[in-house]
Amino acid sequence: MTLTAAPGTPLWWPNAMGAQALFGVNATFTPTGAGAGSPVLVASRRIGFRVFTLVTGNDTDPSTLVGQEGSGGFTMRFKVNGANIWSRGGNVIPMEELEGRQSGAAYRRLVASSAAAGMNTFRMWGGGMFMPETWYAAADAAGMLIYHDMMYAQQGHAPAATPMQDAELRHNVRRVSAHPSVAF
């Protein structure tokens, strides 16, 4: 199923570029037929609508960069909802060696402090872990764009192509991809 916004629906924007329009969505599944009598399943989440674009260009041809800034031999910039953004932020690594010891309040405080400092982007390190739902929800609400490395993307942490790692990656991509803050 694909969700699209109706014309005129407010868009989600990164911190300091506009509002973080979020909408509640509920889905209910009522089993019928052979499954009749089974528990009704209900899922709820908050979603937002935005268009994220990673724009790249070759800096060696000056005509491709008229009015743009780049470094070295290649330019990479983000656009959200058609607008270029100046990405200000930091690299995020796990806050705790044992992931279960960190509280939801600590994750919310990290996101709120970053937004208050004028940041609008996190780069989620691919050698760490997927963060808990609390962190992604806080980033949605605060307008923190998450440039998310795929886990195991770092040298020495490459996936082993095992069924367990495949299942973990598929589960987490489905879990976090609905967040408007996430830009893989």
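1. A salt bridge here is a side-chain nitrogen of Lys or Arg within 4 Å of a carboxyl oxygen of Asp or Glu. Arg170 makes one with Asp166, with the closest N and O atoms 3.0 Å apart. The two residues sit four places apart in helix H3, so about one helical turn separates them. Arg170 is partly exposed at 47% relative accessibility, and Asp166 is partly exposed at 38%. (Buried means under 20% relative accessible area, exposed over 50%, and partly exposed in between, using a 1.4 Å probe and protein chains only.)

2. A word on the model before going further. It is predicted, so local features need pLDDT of at least 70 and side-chain atom pairs count only at pLDDT 80 or more, while totals for chains, interfaces and linings use all residues. Residues are numbered from 1 along each chain as its sequence is written, and side-chain values use heavy atoms, leaving out hydrogens and water.

3. Now the overall layout. The protein has three helices and nine strands, where helices (H or I, at least four residues) and strands (E, at least two) are DSSP runs numbered from the N terminus. Along the sequence they follow the pattern β-β-β-β-β-β-α-β-α-β-α-β. Buried residues account for 32% of the 184 residues. Of the contacts (heavy atoms within 4.5 Å) with a separation of 6 or more, 62% come from residues 24 or more positions apart.

4. Back to the charged pairs: how many salt bridges are there by this rule? The count comes to three salt bridges. One of them joins the side chains of Arg123 and Asp149, at 2.5 Å from N to O. This pair links distant parts of the chain, with Arg123 in strand E7 (residues 121-124) and Asp149 in the loop between strand E8 (145-148) and helix H3 (163-176), 26 residues apart. Arg123 is partly exposed, with a relative accessible area of 30%, whereas Asp149 is buried at 14%.

5. Another salt bridge is formed by the side chains of Arg175 and Glu133, at 3.8 Å from N to O. Here too, distant parts of the chain are linked: Arg175 belongs to helix H3 and Glu133 to helix H2 (residues 133-142), 42 residues apart. Glu133 counts as partly exposed at 38% relative accessibility, while Arg175 is listed with the buried residues of H3.

6. Helix H3 deserves a paragraph of its own. At 1.5 Å a residue, its 14 residues should span 20 Å, and its end C-alpha atoms are 20 Å apart, which agrees; the expected span is 1.5 Å times one less than the number of residues. The buried residues of H3 are Gln165, Leu169, Asn172, Arg175 and Val176. Seen down the axis, they fall within an arc of 135 degrees, so they line one face of the helix; the arc is that of the directions from the helix axis to the C-beta atoms. These buried residues pack against strand E2 (41-47), H2 and strand E9 (182-183). On the face turned away from the buried side are the exposed residues Pro163 and Arg174.

7. Helix H1 (residues 104-116) can be checked in a similar way. Its 13 residues should span 18 Å at 1.5 Å a residue, in agreement with end C-alpha atoms that are 18 Å apart. The buried residues of H1 are Ala106, Tyr107, Val111, Ser114 and Ala115, and they pack against E7 and H2. Following H1 comes Gly118, whose phi is positive, near 90 degrees.

8. Where does Asn15 lie? Asn15 is in the segment before strand E1 (23-29), and it is buried at 15% relative accessibility. Its side chain reaches the backbone oxygen of Met119 at 2.8 Å. Beyond its neighbours within four places in sequence, the residues in contact with Asn15 include Gly118, Met119, Asn120 and Ala115.

9. Finally, the aromatics. Five aromatic pairs are found in the whole structure; rings of Phe, Tyr and Trp (its six-membered ring) pair if their centres lie within 6.5 Å, with planes under 30 degrees apart counted as stacked, over 60 as edge-to-face and the rest as tilted. Trp135 and Tyr136 form an edge-to-face pair, 5.2 Å centre to centre with 80 degrees between the planes. Trp135 is buried at 0% relative accessible area, and Tyr136 is buried at 0%. Ring pairs also link Phe52, Phe78 and Tyr147 into a cluster.

Notes. Polar contact = N/O pair within 3.5 Å; in protein donor to acceptor, adjacent residues only side chain to side chain.
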